[in-house]
Amino acid sequence: MRLRLRSIVAAAVAVLLPPAVLGQAPPAAADGVVVGGHPVGIGDSPWTVALTSKKLFGEERSGQFCAGVLVSAQVVLTAAHCLAEETLGVHWSKVGDLSVVAGRGDLAGTEGRELAIERVWVNPDYDGWTNAGDVAVLRLKRPAEAARFLPLAKKADDPAYEPGSPARVYGWGDTDGKASYPTTLHAADVEVLPDTACERAYPGSPEGRYLAASMVCAGLMRGGPDACQGDSGGPLVVRGRLVGLVSWGGGCGEKGRPGVYTRISAAVETVMAHGPGKGS
Ligand code: 4AZ
């Protein structure tokens, strides 16, 4: 499920109004939705950053609406759909205070840095129907101080992509499929799943279509831990390397409906041409 305008507006409203005023969004699944993560300190994943706009999404959680990953001192990867007009309500260039917040695990606090963005590249080949090519590159105006960055799993045959590999996904997204947005960074333990699992779950519908060439499938087949709304653009980490960016999925944590991630090995050439390759 992509981060649709409707839900982002709901998220923005959710931080501004008490839950009693809002009523609750329906659970993402009838049975046992658990997004099964746990809070972690930013020191556990110092390369996970928040994409923010306080103007659009309010002050309370530093304006967070998506996540990203520092892959060099000056380059952040995120999901293309995070910067789509459908998500922001306006073209990204009109947002004004679009920023990257690094080193801040608790978005209610002021730890870390708010970093200005110098350049945005949104994959022009991102396909909003299948969700293929869901990657964007942000170049920071200045190198993130004391930045720690995550190496990419560049090769298609990197063992990190092998089904069964233990994986961890990080973000500030919905923790229960009912629009509960935490202020603290969370992590969920999942595993890389065979492509067939996602091909079966997502043969093609308005929610997307799983294409193994450009996407990687992760979760647990019995459901449970998963990425969810608001986690988009954040890292899926295996063996200390970035293998995926949170992209989409049917609901959150539902049995037989794993999470779908942008496959880094497939995006790496484009990414290098627009980010780390350009002198940072
Ligand atoms: C979202 O809307 C989203 N369960 C991201 C990931 C998943 C679902 C939704 C995967 O940002």
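**Close-up 1. Disulfide of Cys 228 and Cys 252.** The sulfur atoms of Cys 228 and Cys 252 lie 2.1 Å apart and form a disulfide (a pair of cysteine sulfur atoms within 2.5 Å). Cys 228 sits in the loop between β10 and β11 (235–238), and Cys 252 in the loop between β12 (241–249) and β13 (259–263), 24 residues apart; strands (E, at least two residues) and helices (H or I, at least four) are DSSP runs, numbered from the N terminus. The torsion about this S-S bond is about 80 degrees, so the link is right-handed. Cys 228 is buried at 8% relative accessibility (buried means under 20% relative accessible area, with a 1.4 Å probe and protein chains only), and Cys 252 is buried at 2%. The model is predicted: local features need pLDDT of at least 70, side-chain atom pairs count only at pLDDT 80 or more, and totals for chains, interfaces and linings use all residues. Residues are numbered from 1 along each chain as its sequence is written, and side-chain values use heavy atoms, without hydrogens and water.

**Close-up 2. Disulfide of Cys 198 and Cys 217.** The S to S distance between Cys 198 and Cys 217 is 2.1 Å. Cys 198 belongs to helix α5 (residues 195–201) and Cys 217 to strand β10 (residues 215–219), so the bond ties together parts 19 residues apart in sequence. Cys 198 has 0% relative accessibility and counts as buried, as does Cys 217 at 0%.

**Close-up 3. Disulfide of Cys 66 and Cys 82.** Cys 66 is joined to Cys 82, S to S 2.1 Å. Cys 66 is in strand β3 (residues 64–72), whereas Cys 82 is in the loop between β4 (75–78) and α4 (85–88). At -85 degrees about the S-S bond, this link is left-handed.

Technical notes
Buried < 20%, exposed > 50% of the residue type's maximum accessible area, 1.4 Å probe, protein only.
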